[in-house]
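Welcome! Let us walk through this structure together, from the overall layout down to single residues.

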Amino acid sequence: MSEKLTKSAARNIFYGGTAFFLLLFIALSINTHLYIVNHSTDEATLTPSVAQGKRVWERHACINCHSLLGEGAYFAPEIGNVWVRYGGREHPEGARMGLKAWMRAQPTGVPGRRQMPQFNLTEQELDDLIDFLEWVSRIDTQGWPPNNAG
Ligand code: HEC
C-alpha cells in the first residue's frame, strides 16, 4: 500500500461511504415504517370515530397548548396518556364521564392557574375525541413517558 492517499482513493472512500450510509439510512427508514405500521399502531381498533376524534383535535388546535406523545406545546399537560391518568384502563365509563365533565367545566377561572378555553363541543364530538384519546393511549410508546403525570 502506498504511503500517500491518492486522489482516486479519496474519491472512492467518499463515494463508497456515501453509498453505504445512504443504503443504511434507507434500510432504517423502512424498518421504522414497518415498526410503526405493524407494532406500535393498534390498527384493528382504528374505528371511524377515532378518526373523527382526531379531526376534532385538529380543528380546535389542542396541540397549540398540549403535547401529544411529546409533540406539541408545553403549556398544558401531555394528552397521550390522559386516558390512563383518568383511570380509563380500569374504569372506561368513569374516565369518559370525567373527561367530558372536565371539558365542559373549562375555563375554571381559578386565579393563578393556567386556563383552558371552552370549546362548546357537542356530545358526539366529545365522544369521538375521547375515542381518539383512548386509542392514542394504546399506542406502544416503548414506556414513554416514564410516569403517568408526564
Ligand atoms: C389555550 C390553551 C389550551 C388549549 C387550546 C386546549 N387546552 Fe386543554 N388544557 C389547558 C390547560 C392550561 C390545562 C390544565 C388546566 C388545569 O390543570 O387547571 C388543560 C387540561 C386539559 C385536560 C385535562 C388534563 C389532565 O391531565 O387533567 C384535557 C383532557 C384537555 N385539556 C383536553 C384538551 C382538548 C381535547 C383540547 C382541544 C379541543 C384542548 N385541551 C385545548 C389548555 C388548553
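From the N terminus on, the elements of the protein chain follow the order α-α-β-β-α-α-α. That makes five helices and two strands. Please keep in mind that this is a predicted model.

**Overall form**

How does the protein chain compare with a compact globule of 150 residues? Such a globule would have a radius of gyration near 15 Å, whereas the protein chain has 23 Å. Taken along the principal axes, the C-alpha atoms fill a box of roughly 80 × 40 × 30 Å. Of the 150 residues, 16% count as buried. If you look at contacts between residues at least 6 apart in sequence, 61% of them join residues at least 24 apart.

The domain assignment divides the protein chain into domain 1 (9-40) and domain 2 (45-150). The C-alpha centres of these two domains lie 36 Å apart.

Here are the two C-alpha distances side by side:

| Pair | Distance |
|---|---|
| C-alpha centres of domain 1 and domain 2 | 36 Å |
| L5 and G70, C-alpha to C-alpha | 47 Å |

**A residue at the start**

L5 sits in the segment before helix 1 (7-40). Is L5 buried or exposed? L5 is exposed, because it has 9 other C-beta atoms within 10 Å, and a residue with 12 or fewer counts as exposed. In sequence, L5 and G70 are 65 residues apart.

**The largest nonpolar core**

In soluble globular proteins, nonpolar side chains tend to be buried together. The largest nonpolar core here has 13 residues, and those that touch the most other members are V82, W83, Y86, L129, F132 and L133. Helix 3, helix 4 and helix 5 (123-137) are the elements that each give two or more residues to this core. Which of them gives the most? The answer is helix 5, with six residues.

For a closer look, pick L133: leaving aside residues up to four places away in sequence, L133 touches I79, V82 and W83.

Definitions and conventions
Residues numbered from 1 in each chain as written. Predicted model: local features only at pLDDT ≥ 70, side-chain atom pairs only at ≥ 80, totals over all residues. Domains from an automatic or database assignment. Core = buried A, V, L, I, M, F, W, Y, C linked by C-beta atoms within 7 Å. Buried ≥ 20, exposed ≤ 12 C-beta atoms within 10 Å, placed from the backbone. Helix = DSSP H or I, 4+ residues; strand = E, 2+ residues; numbered from the N terminus. Contact = placed C-beta atoms within 7 Å. Rg over C-alpha atoms; globule rule 2.2 N^0.38 Å.
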